[in-house]
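Here is a short report on how parts of this structure pack together. Look at the model first, then read on.

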Amino acid sequence: MKKISKIILENFRVFSGKNEINFNNSNGEPADFVCVYGKNGSGKTSLFDGFEWFFTGEIHLLKKDLKNNVSKYTGDILKYKYAGVKDKAGVEIEYSDGQKGCRTVIKRKNSINDYGKGRANGIYKEMLNEKQILPHSKIDNFVYATKPADMYEEWGNFWDPDNSQREIFESVCKVYKRFIGEVKEYDKKIEELENDIEQLNIKQKIEFYNSSIDRYNCLKIREIPDLPHIEYLENNKINLENDIFSQAIGKQLNVYISNKDFQKNQCEFLLQHFEEYEEAIRLQKEIADRKKRREKIISKCQQKTNLLLQIGDLEREKKSYIEAKEKLAAEFDKSWFENYKKYINTKTVYQAINDKLENNKIELQQIKNNIDVIQENIKRRKQKINEYQIKCETWKRRIIEFDDMQKKILPAEKISDNLKKVEMQKKIYVQELSYLNKALIGDYEKFFDSLNADEQQLYVWIQECRECEQKVKVILDNARLKEKKKKKKYKEIQQNTENLERLWMLAEEEIRKKELCTCPVCKSKFKNMEELLGTIDISAQKDSLTTFYVEWDKANILLKKAEENYQTCCENIKKSIRDRVYLIKQKIVETEEEIIHYEKEWNKIQKLNEERERLQQEISLNLSTDVEKLSIEFVKTVCKKNINLLEKLLIEDKNNQEDQKKKLKEIEENNRKNEITSKDLKKEIENFNNDTDNLRRRETMEHWRIFSYEEFQKKLEDYSDKVVQCELKESNIEDALKKYKIYYANNIEKYSSFVTNPEIKSIDWLEYYEQCRKNLFRNQDISKKTLIKYLQKSEDGIKVVHDKLTLWNECMSKVIVEDFINKYNQKLDTKMKLEGEIAFSKDKERFAEDIFKTVKGQLEEHIKKVFGGVTISQIYSKIEPHKRFTKLRYKININENGNPELYLKVLNEKNEDIMPELFFSSAQLNTVALSVFLGGALSASEPKVNTIFIDDPVGHFDDLNVLSFIDVLRTIVEETNWQIIISTHEESFYEIMKVKLNPQNYNSKFLVFKEEGNVEEDIDF
């Protein structure tokens, strides 16, 4: 762990020139406690500014409180204001391990002053946590930060320097606040809507409307529906079915009246023309019968005309068949078809010869390939015979070598037995070595206790070492017990003496302050203040303390001697164990060498067997036979057998080659003969194709699809059959014409004119009469009596509809609630929508609240971890600024404006809490601040530099707080590995620390500012 050994401030702040401040004690080691005293303005804060600027590149006071002033100031801020322009300025620090680092003041271009990070070199980066530096300005910010929001901001820079934790918490706070605002806004809107709905008085208006509807619905008309009532349920929308407030019902009634009037008029028209209509219907029926008879005559005449046309078509078809037959008979005869057949046969033979020639060419090529393959086989078999002969000699030579090697190696069974014996001995040595190694590591007592009874008797050296260690351990335990008792007694007397000394100092201060002549404790009276002070003497208690200290020191010396004896015993045990370890390792090496020797012999046997196996596999693979026993006689026999077989196959290949050559000559001779025949046939085919008559006839054959004389004869017979069929059809049609003798084609036009020209004039009202009759009675038969009865019924229905319309108009004139219902429904819709939105907003609020509580808890734990919650509480309770409220706790919340707040609360034994800034004095608040920041520094995890810097912390302390705080510092120095560098302007505080942390008893050092920027060691004790 590094500590600070030295700091050099060169022209930095109030320090002129190069100033070296050494924090090492007389033996050259860094002091664990360094106190720097100086009056205000002497340079204490500049010294601590140097520490802070070196490690962080910033100064808290200038960065936070005086930021605006720094940005406006022109001139040097970090550099000594009276230094020369070329003079160097900066801070250099030397660590306890000899490493160094420095930071030089650099004035940036276009900057009005030199405040900045400067240029750093050496060991400086991330060496110190900001929690380890406590400037005086941080304490003041806490003491005077009366608002929780201010405390959140001021302290946040300490426990969250990069603002990452606060950004998360503030983001969650903003979301939580927004959701709370949403819920409140929705509640307000819903309350306003409920007031508007109540003012509509919709229930009374709907009851008035429903009474009017009851009177309307008493008049019943089947085609006209009743008007529905309006149903009202509180806090439910009013459903206006079928748009009852529109004019649809009135229009429906008017349409119904119009329809009834129209039906009445149609009925009167039917009654007026009833007799005329009956006469017109009778005349139309007679005309329709005459028209039907004439249309039948026209149909018969048309059928006769069609039959005559069919006879003409058959005559023309019969003539075309006769002409085609005559033309085909003139073109061909039997001799031509015989010549054509001969031509086809010649063509077929020519094609077969050519195909045979092509096949023979392929066969010739195949025979040549076979000859080449046989030649290759002959060559390969000769080569194989030669290889067998060479391999046979090689195999016989290797078998002889294997037999010679086998005679030189020990038997495998003997090697295996020797190897097992040596490995067993090595295992015994390794087991003993493991026990020896365990004995060398850690505590011998734990090692011996870990062994069971059998293991303790296993080796002689275990028994001897255990007896030696136990003997010396008994003496050591007795010395430790005695030293512990003497130390406890001394500490008790020391605590009592310190408490008495503290009371004496308080009493002396009170007497001098008030110039008392009466003892403030026992109330005894004295002549003057000096006599009273002279009677206060605690030298007897100090002498007693010295006596107990001497006894404790003697016990401590005896303990050290016992520890040295125990250490010597342990070293002797360790030496004997090491010697034994060396011996056992030598034995293990010897056994390993024997194991390696036997393993090599065994490997030789295995290798020889593997080579035999490989040779056996090689022979088996090459000779294609199973090798039962590897021997020279076996190899000779099998090789001779395979060579004889190959020579026999070689003779067969040569005979086969001669047969293929003979067959090749025969096929070549046949090809020459077939080529001559092919040329003659080709000439005959070309002569037939070059004849123009043959070419014409072949085209005719292709057209009629005739390819033989038999097909030609069949085609002529087909034409004769078709002529006979045409004549038969003509005969059948002539027989059919006999039935139409009385019908003539010229009668068609005559009867057609009778059909198309009407015989009576049309009646204008007849079509309208049919339409009226269909509308009123569908297809029913009606009489005059039926029409009179329907007319009377229509008149009665019209009267009832007029009465219904009058009542509807009267009912609609009373309806005044439509606008109110629409407004009511709209407001209910809005309310329901808002209720859904507020439910969703409340869910979001609950979810955000859960997140807020989680993040809040995590942030509080983070603050507790950063400040060192347990350490802070311990420091706070030891300083004890308040008798009842002795514990600290952090709490995060948000105020009404949604801004984050930090509460530091103090708790009593019942865990009741208060806010210290509301009830504590400045001195008590100063105690809280020191507890927080000092606890945070002590909780730093694995710091690279074990130093805490505290600048003038007791500005608001009272006397009791001062003494308690010094006790805390003394405890840190005694029980931890931390170095504390502290400054003060309080002379009384400085003098008390000199007494409490005297360099004679503690690793401490005291420095004094003699004048501005000049520091010297205080040796006045």
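## Helices α8 and α21

Helix α8 (residues 248–272) packs against helix α21 (residues 764–777) at about 125°, with the axes 10 Å apart. Axes are lines fitted to C-alpha atoms, for helices over the stretch in contact, and angles run from 0 to 180 degrees between N-to-C directions. That angle makes α8 oblique to α21. The contact (heavy atoms within 4.5 Å) includes Gln-263 and Phe-269 of α8 and Trp-765 and Arg-773 of α21. By class, the contact has 9 nonpolar, 3 polar and 1 charged residues.

This is a predicted model: local features need pLDDT of at least 70, side-chain atom pairs count only at pLDDT 80 or more, and totals for chains, interfaces and linings use all residues. Residues are numbered from 1 along each chain as its sequence is written, and side-chain values use heavy atoms, leaving out hydrogens and water.

## Helices α10 and α17

The axes of helix α10 (residues 334–408) and helix α17 (residues 632–690) come within 6 Å. They cross at roughly 165°. The two helices are therefore roughly antiparallel (angles under 35 degrees count as roughly parallel, over 145 as roughly antiparallel, 65 to 115 as roughly perpendicular and the rest as oblique).

## The sheet

Five strands form an open sheet in the order β2-β1-β4-β5-β6, with antiparallel pairing. Strands pair if DSSP finds at least two bridges between them. Helices (H or I, at least four residues) and strands (E, at least two) are DSSP runs, numbered from the N terminus. β2 (18–22) and β6 (119–122) are the edge strands. Strand β1 (residues 4–10) is joined to β2 by 5 bridges.

How values were computed: Ala, Val, Leu, Ile, Met, Phe, Trp, Tyr, Cys and Pro count as nonpolar, Asp, Glu, Lys and Arg as charged, and the others, Gly among them, as polar.
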